[in-house]
Amino acid sequence: MLRCMTARLPPMSLAGIEPVIPVMPTKQDAVEAINARYVPKEGSDPREEPAGDGPVQFHHHQQQQSSNVGSDSGSGTPTPTLGSPGILAAEPLFLQIDENDTDPHVNFSRATALGILYRILTRKPLASPSEPNAIPRTWLSKCIDSYLKTFHARWPICHAPVINEATDSVQVIATIVIIESWLHGDVKLKDQILRIHECLVKQFYRELNECDMDPTQPWPADLYQLSLLNVVFAFETGKDSVIRQSRMLFSLLVSALRMNGCFQEDAIETQRLTHYPGDFRPWIFGTTERWKRIATCAFKVDTYLSILYGQPPLLRRAELELGLTSTFAMWNSYGIMVFFDRCRSEPWTRGNYNMSQLDVRKPEEVPSGILPEDIQLCLLGLWNDIWSLKKETAVNPDIAALKKADLYHKLCLALDQLDTIVAESRKPLVVGGYTATILKSYLGGESSRSPNWRQDVTSRLDSCIHNIRPLLLLLIIHLHADIRRMRELYLCPNPPLQMDPSAASRAWQQNMLAVQEWALSPDGRTAVVASLQVWVAYKSSLLMDPSQPAYCFDPIFYMALSAAATVLWAWTMNDEACVCDPAIPKSDIAHIGMHLQPDIQSWIRGGSGSGISFWGQPVCRCHVASNVADWAETLAVAGKTWEIAADDASMFRGTWLNV
Ligand SMILES: [Zn+2]
């Protein structure tokens with residue numbers, strides 16, 4: 001029996017339209033259901049489609065009759081969830097939305113909202129009649145918009161056009177509110193936020209455990225989505241204790257997805273035809289696409305966690321037997337007319353090309369041209385190869401060296417492809433050309449007929465690429481450097497207490513020798529070039545909008561920056577040569593693609609007799625402190641939301657800079 005939350009709570013993604021569709025929906029039912037849910041938000045810029053792209057505008061607030069809408073579907077009828085056994089494990093949770101409060105300067109705080117949500121989730125009664133028990137609609141809408149602009153842009157797990165503050169479940173709303181509050185709120189709210197998160201994680205863990213692993217039953221899509229969102233949120237806090245707790249939930253989620261066959265297209269199709277029938281195109285799109293989004297985001301967070309903890313990833317790209325995702329534009333079509341409008345230019349053939357087939361050496365195989373997210377998927381898969389290679393090096397060094405060269409080649413190709421996409425996106429538009437495909441793929445709330453659409457789309461594309469580059473550079477660093485060993489040597493110089501001092505000292509000496517050897521090798525030089533490029537990448541991302549706060553960046557940026565600082569420090573501490581003398585020839589690192597240039601390549605191969613400079617400053621022991629100080633400053637600021645960055649910054653400052 002399926003006793004998951006999807007059985008009784010309305011879902012958040014396209015899934016959001018399930019509860020109002022009868023078991024065997026007719027086309028008319030589906031149209032009405034989707035019209036009711038595919039509603040552009042009033043006055044919310046990222047989600048409003050300007051007139052022209054979508055002539056039909058729906059205003060669901062007129063359809064809402066009651067201000068007291070809870071976890072029911074909003075249609076006022078009991079939830080006839082598809083495939084639901086109709087048994088409610090517990091009374092549904094109700095969140096009151098205050099519809100009347102239209103004052104934009106409403107005096108309602110995040111702390112109050114968090115308090116209300118926690119009380120509802122824990123089913124506690126109101127302490128006194130005067131205690132606030134409703135969240136104003138205007139406040140909640142703003143919160144969702146803010147969530148969509150930041151977190152959702154890098155983790156597009158939900159189907160944004162169907163998120164609806166009045167009809168989505170309390171768990172959905174709570175998840176969005178805690179994520180948004182973590183990124184934008186006061187640090188004083190952190191305890192309150194984590195209390196709600198813990199409560200949700202426990203609930204989802206229990207529900208996943210209680211689910212029947214019968215693949216013929218309807219899969220609890222919403223439970224999976226919510227679980228994944230909460231795992232990703234845990235990762236985005238950068239708080240070790242929170243991440244550890246959520247990793248248990250993630251392991252369970254991965255097992256459930258695997259056992260049900262959620263990574264296989266044919267199983268998804270069977271599931272759709274059996275439990276979610278209907279031939280209305282947006283419905284088919286949403287019920288299929290959500291599985292690809294779950295798969296790709298699960299794969300991404302899995303890779304990030306694996307890199308962060310130095311443990312093997314749970315997932316392999318080879319097991320993702322799914323067609324490529326739709327474009328960002330298709331997944332973010334606000335309004336049914338926009339959906340059909342974009343349908344015409346969507347490269348649907350992407351769906352015929354398997355994620356597991358992707359290969360950076362054959363970008364031309366991707367129908368309609370490779371997109372940045374495809375390159376990202378390749379990179380995430382490469383982490384697995386890099387991880388295995390590290391184990392293999394000790395056993396079979398010759399084969400490992402060949403594999404390493406091959407992996408490095410792939411990473412360089414990927415970097416080239418990202419640059420090509422950026423260059424193509426600046427070319428004149430030709431109907432049906434690659435430039436047109438790239439740009440149209442990144443339409444969001446704006447219409448392709450509005451005057452500034454190209455500028456909006458280009459900056460969205462750029463920010464997508466800016467979040468992929470640090471992952472790529474981090475992979476180059478890990479392929480050529482043992483970050484863990486360097487951290488042990490340079491950040492925790494005291495041997496572990498339980499070790500015999502002489503054994504500890506022998507181990508320390510061996511590590512030191514290995515790092516010294518590395519620093520004089522092409523590996524060391526490759527890693528140090530990539531490390532400097534991480535900072536170049538960071539600075540060039542800032543150029544787009546110098547005022548953008550730290551939380552606008554994917555945490556992978558800070559993971560890369562932290563590894564880069566470690567590499568730069570270890571390398572300069574070991575590289576004997578000082579290259580400050582102006583007579584020593586130096587290649588300057590000033591751009592991201594510089595390592596592909598002949599002078600840098602020849603320095604990497606040869607090394608001695610020449611050096612490198614970084615934006616004109618020699619890279620040697622004399623200058624490393626000033627670089628590390630800048631990087632630590634950035635990490636310290638990022639630490640407000642991605643907490644590990646603050647820990648690293650204070651370690652770098654305390655150990656290396658004596659501050
Ligand atoms: Zn020097």
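Two strands count as paired if DSSP finds at least two bridges between them, and strands (E, at least two residues) and helices (H or I, at least four) are DSSP runs numbered from the N terminus. This is a predicted model, in which local features need pLDDT of at least 70, side-chain atom pairs count only at pLDDT 80 or more, and totals for chains, interfaces and linings use all residues. Residues are numbered from 1 along each chain as its sequence is written.

Let's start with strand 4 (residues 611-614). Strand 3 (residues 586-589) runs parallel to strand 4 and is joined to it by 4 bridges, with Asp-588 opposite Ser-613. Strand 5 (residues 617-618) runs antiparallel to strand 4, with 2 bridges, and here Pro-618 is the bridge partner of Ser-613. Strands 4 and 5 form a hairpin with 2 residues between them, and Trp-615 in the turn has a positive phi of about 50 degrees.

Now for a pair of helices. Helix 6 (residues 170-184) and helix 7 (residues 190-210) have axes that come within 10 Å and cross at roughly 145 degrees; axes are lines fitted to C-alpha atoms, for helices over the stretch in contact, and angles run from 0 to 180 degrees between N-to-C directions. Among the residues that meet are Ile-178 and Trp-182 in helix 6 and Ile-196 and Leu-200 in helix 7, where contact means C-beta atoms, placed from the backbone, within 7 Å.

Finally, look at helix 16 (residues 434-441), whose buried residues are Ile-438, Leu-439, Lys-440 and Ser-441 (buried: 20 or more other C-beta atoms within 10 Å of the residue's own). These buried residues pack against helix 12 (328-331), helix 15 (397-425) and helix 17 (453-480).

Technical notes. Two residues are in contact if their C-beta atoms, placed from the backbone, lie within 7 Å. A residue is buried if 20 or more other C-beta atoms lie within 10 Å of its own, exposed if 12 or fewer, and partly exposed in between; C-beta atoms are placed from the backbone.
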